[in-house]
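Biologist: I would like to learn how to read the strands and pockets of a model. Could you take me through them slowly?

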Amino acid sequence: MKYYANFKMNKTVENINEYFKDFNEFDVKGNEVCFYVSPALIQTSVNATNFNIGAQNIATSKWGALTGETSIEQVVNLGAKSVLIGHSERRNIFGETDEDISSKIKLAKEYDIEIVLCVGEKLEEREHKKEVIEAQIKHALNGVSNYQNIVIAYEPVWAIGTGVTAEPKDIEEMVKFINNLLEENYKVKMPILYGGSVKASNVGSFKSISGLSGFLVGGASLNAQEFYELIKA
Ligand code: PGA
């Protein structure tokens, strides 16, 4: 399975070196592990042996006068193998629009990098979550012609960092819905991850969800031992 860890805005060079020294010792064979670190830490982290490093975001253009942003060209050059696009914190805190997300995907497609497109409904959208997810995916893939190497992370916004998870049967229903949507509209299959308060003690009930390829984990990935326990659970 895929176990993708989102460190968000956490850890220094020192912390990360310590973490990866420990993690390199763990046997995670048979799984795909990726850590999304802050852009400043990508280079420090690429001496990984049993995992990949990814970027948490990219700018909407390759170069230019965008103070404070980091481009796809820069993160690929630093060694990132995967990039998160459209994380709910980007959408809801930084006002990222569907248009921004679609531009970022088209830009990233010019490079040899995996794209993890994050989608998810807010609490007040729960009643019509399928429409919300459908619109997010269709906007994001608008104008994209090559669907290779794209992963969908389904993360209900109300489950992120709250300790509350979606029910396995609801996740399974959404996985089926997303699969059908991709098949009907794009004739493709993409791996689908679940994210939102996943931890070692609850991941067991999600691992058997039909069609689910893995997890995107925030809080429970910040400690190497804890994240390894989640993988092994
Ligand atoms: P969480 O974060 O595991 O802390 O809920 C998940 C995410 O934001 O991707």
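Predicted model: local features only at pLDDT ≥ 70, side-chain atom pairs only at ≥ 80, totals over all residues.

Modeller: Residues are numbered from 1 along each chain as its sequence is written, and side-chain values use heavy atoms, with hydrogens and water left out.

Biologist: In what order do the eight strands close into a barrel?

Modeller: Strands here are DSSP runs of E with at least two residues, helices are runs of H or I with at least four, and both are numbered from the N terminus; two strands pair if DSSP finds at least two bridges between them. In this model the order is S1-S2-S3-S4-S5-S6-S7-S8, with parallel pairing. Neighbouring strands of this sheet are turned by 25° against each other on average, direction ignored, where axes are lines fitted to C-alpha atoms (for helices over the stretch in contact) and angles run from 0 to 180 degrees between N-to-C directions.

Biologist: Which residues stand opposite each other around S3?

Modeller: Strand S2 (residues 32–37) is joined to S3 by four bridges, and phenylalanine 35 stands opposite isoleucine 53 in S3. On the S4 side, S3 (residues 52–55) pairs with S4 (residues 82–85) in the parallel sense over two bridges; glycine 54 has serine 82 as its bridge partner, while alanine 55 stands opposite valine 83.

Biologist: And how should I read a pocket?

Modeller: Rolling a probe the size of a water molecule over the atoms shows where empty space is left. On a 1 Å grid over the protein atoms alone, a pocket is an open set of points where a 1.4 Å probe fits, with protein on both sides within 12 Å along at least five of seven lines, and lining residues have an atom within 4 Å of a point. Grid points are joined across faces, edges and corners, and a volume is the space filled by probe spheres set on the points. The largest pocket here has a volume of about 450 Å³, and of its 19 lining residues the closest to its centre are Pro39, Gln56, Asn57, Arg90 and Phe94. Helix H4 (residues 88–93) gives the largest share of that lining, three residues.
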